[in-house]
Amino acid sequence: MEEEIRQVISEVPKLREIVSQLAADGDLWDAGMDSMTSVQMMLRLEDHYGVEFPDGSLTRETFASMRSLGAVLGPLLEERKATTG
């Protein structure tokens with residue numbers, strides 16, 4: 001899942017160069033991401049996966065790395081799968 005997340009967020013212009021150089025647990029904020037870019041990333045991920053990040057997951061920690069994003073997206077995708085059959 002982390003590689004798919006990498007692919008999706010690399011479509012955000014400011015992240016294009018950042019994500020190609022980071023490990024899955026590399027900190028996106030430390031690499032130069034800002035709050036506007038995190039919103040763009042969130043919207044792309046929501047569109048791609050057909051889910052919505054719950055309010056409780058809208059934290060700096062959730063959007064810190066591809067691994068932390070996967071930890072939040074995984075259960076959301078499982079829940080969606082369970083409700084859509």
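The structure is a predicted model.

Helix 3 spans residues 35–49 and helix 4 spans residues 66–84. Their axes lie 12 Å apart, and the two helices pack at an angle of about 30 degrees. Helix 3 is therefore roughly parallel to helix 4, since angles under 35 degrees count as such. The crossing of the two is right-handed. On the helix 3 side, the contact is made by Met-41, Leu-45 and Tyr-49, which meet Leu-69, Leu-73, Leu-77 and Arg-80 of helix 4.

The loop between helix 3 and helix 4 brings in the aromatic residues. One aromatic pair is present in the structure. The ring centres of Phe-53 and Phe-63 are 5.2 Å apart and the ring planes stand at 50 degrees, so this pair is classed as tilted. Both partners sit in the loop between helix 3 and helix 4, 10 residues apart, and the pair thus links distant parts of the chain. Phe-53 and Phe-63 are both buried.

Ser-57 belongs to this loop as well. Its relative accessibility is 10%, so Ser-57 counts as buried, the limit being under 20%.

Conventions. Residues are numbered from 1 along each chain as its sequence is written. This is a predicted model: local features need pLDDT of at least 70, side-chain atom pairs count only at pLDDT 80 or more; totals for chains, interfaces and linings use all residues. Side-chain values use heavy atoms; hydrogens and water are left out. Rings of Phe, Tyr and Trp (its six-membered ring) pair if their centres lie within 6.5 Å; planes under 30 degrees apart count as stacked, over 60 as edge-to-face and the rest as tilted. Helices (H or I, at least four residues) and strands (E, at least two) are DSSP runs, numbered from the N terminus. Buried means under 20% relative accessible area, exposed over 50%, partly exposed in between (1.4 Å probe, protein chains only). Axes are lines fitted to C-alpha atoms, for helices over the stretch in contact, and angles run from 0 to 180 degrees between N-to-C directions. Angles under 35 degrees count as roughly parallel, over 145 as roughly antiparallel, 65 to 115 as roughly perpendicular and the rest as oblique. A crossing is left-handed if the near helix is turned anticlockwise from the far one by less than a right angle, and right-handed if clockwise. Contact means heavy atoms within 4.5 Å.
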